[in-house]
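This briefing goes through one protein model, topic by topic. Please look at the sequence and the structure before reading the points below.

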Amino acid sequence: MANSEDAVRRLEDAVDIMTDMAHIRRNSRTKDDDGHMIISPTLVKEAIEGFNLFDRDGNAGLDISELATVFRALGQNPTDAELRDILKKFDINHNGRLERDEFEQMVQSYMKPMWQVKEELKDAFRIFDKDGNGLIDTSELENVLKKYGEPLTHRQSKELISLMDKNRDGRVDMDDFVKFLCEVDEPHYFQKHYPHDEKPIPDASGRTTGTA
């Protein structure tokens, strides 16, 4: 059980690195070409899940100062005037703060369009595709993740490749990579898809020491 939980954690961390690399490659754009704020879907999700953390005074709503903290956490720096406009626009019941449903509506309105997310993920794919042949294999995946601080076992790398590899040829093309990283935000994705029937590895004396 512990081995499976550790494998799931490592795979989740590996996916986080992949998506982070996409944003880094694109220089973490926080505004569109018209100067409007844009927030990645991952950060939108994290902001919604962290609503209670931002609600410092515990009154079930975010006032303008708490709203400013939210935007700074999302990599944005709106002016006081912009914050007042945002509060006015989304404060439906006019109580001077954004309650959870109002907050969700607000933050989702700034979510980065999916076409742009996919372009960023394509950039991340190119980081892994070292030989430029349009495909990622297990060794390329292992090498890049190790460089960025999340080494996987060979088995875990193969499992991650297999989850992305739709035609089962042991390699991942750009479309598979992008599609996988768009789907993997599903709650408990790896708990549902990662195999838990890992077989123990016998050592030289025949005793089992771990999993493959």
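Beyond its neighbours within four places in sequence, Thr138 makes contact with His154, Ser157, Lys158 and Ile161. The model is predicted, and the mean pLDDT of the protein is 76.

**Helix 8**

- Thr138 belongs to helix 8.
- With a relative accessible area of 14%, Thr138 falls under the 20% limit and therefore counts as buried.
- Leu145 is also found in helix 8, and its relative accessibility of 0% makes it buried.
- Between Leu145 and Ile17 the C-alpha to C-alpha distance is 7.6 Å, although 128 residues separate them in sequence.

**Nonpolar cores**

- The largest nonpolar core is made of 26 residues.
- Which residues have the most contacts inside this core? They are Leu160 and Phe177.
- Two or more residues of this core come from each of helix 1 (2-25), helix 7 (114-128), helix 8 (138-147), helix 9 (154-164) and helix 10.
- Helix 7 gives the largest share, six residues.

**Helix 10 and Phe177**

- Helix 10 covers residues 174-183, and its buried residues include Asp176, Phe177, Val178, Phe180 and Leu181.
- At the start of helix 10, the backbone nitrogen of Asp175 has a side-chain oxygen of Asp173 within 3.2 Å.
- Phe177 has a relative accessible area of 0% and is buried.
- Apart from neighbours within four places in sequence, the contacts of Phe177 are Met18, Leu121, Ala124, Phe125, Phe128, Ile136, Met164 and Val172.

**Aromatic pairs**

- How many aromatic pairs does the structure hold? There are four.
- In the pair of Phe71 and Tyr110, the ring centres are 6.0 Å apart and the planes stand at 85°; an angle over 60 degrees counts as edge-to-face, so this pair is edge-to-face.
- Phe71 is in helix 4 (residues 64-73) and Tyr110 in the loop between helix 6 (100-109) and helix 7, so this pair ties together parts 39 residues apart in sequence.
- Both partners are buried: Phe71 has a relative accessibility of 1%, and Tyr110 has one of 17%.
- Phe125 and Phe177 also form an edge-to-face pair, because their planes are at 70°, with ring centres 5.5 Å apart.
- That pair links distant parts of the chain, since Phe125 lies in helix 7 and Phe177 in helix 10, 52 residues apart.
- Phe125 is buried, at a relative accessible area of 1%.
- Through ring pairs, Phe125, Phe128 and Phe177 are linked into a cluster.

**Residues with positive phi**

- Most residues other than glycine have a negative phi.
- Ala60, which is not a glycine, has a positive phi near 65°.
- Ala60 is placed in the loop between helix 3 (51-54) and helix 4, where it is partly exposed with a relative accessible area of 47%.
- His94 is not a glycine either, and its phi is positive at about 55°.
- The loop that holds His94 runs between helix 5 and helix 6.
- Is His94 buried or exposed? With a relative accessible area of 65%, His94 is exposed.

**Confidence**

- A pLDDT of 70 or more is reached by 75% of the residues of the protein.
- Which element has the lowest mean pLDDT, and which the highest? Strand 3 (residues 200-202) has the lowest, at 40, and helix 5 (residues 80-90) the highest, at 94.
- The pLDDT is below 50 over residues 196-206, a stretch with 23 contacts in the model beyond near neighbours in sequence.
- Over residues 208-212 the pLDDT is also below 50, and this stretch has 16 contacts in the model beyond near neighbours in sequence.

Definitions and conventions:
Residues are numbered from 1 along each chain as its sequence is written. This is a predicted model: local features need pLDDT of at least 70, side-chain atom pairs count only at pLDDT 80 or more; totals for chains, interfaces and linings use all residues. Side-chain values use heavy atoms; hydrogens and water are left out. Buried means under 20% relative accessible area, exposed over 50%, partly exposed in between (1.4 Å probe, protein chains only). Helices (H or I, at least four residues) and strands (E, at least two) are DSSP runs, numbered from the N terminus. A polar contact is a pair of N or O atoms within 3.5 Å; within protein, one must be able to donate a hydrogen and the other to accept it, and residues adjacent in sequence count only if both atoms are side-chain atoms. pLDDT is the predictor's confidence in each residue, from 0 to 100. Contact means heavy atoms within 4.5 Å. A nonpolar core is a set of buried Ala, Val, Leu, Ile, Met, Phe, Trp, Tyr and Cys residues joined through side-chain atoms within 4.5 Å. Rings of Phe, Tyr and Trp (its six-membered ring) pair if their centres lie within 6.5 Å; planes under 30 degrees apart count as stacked, over 60 as edge-to-face and the rest as tilted.
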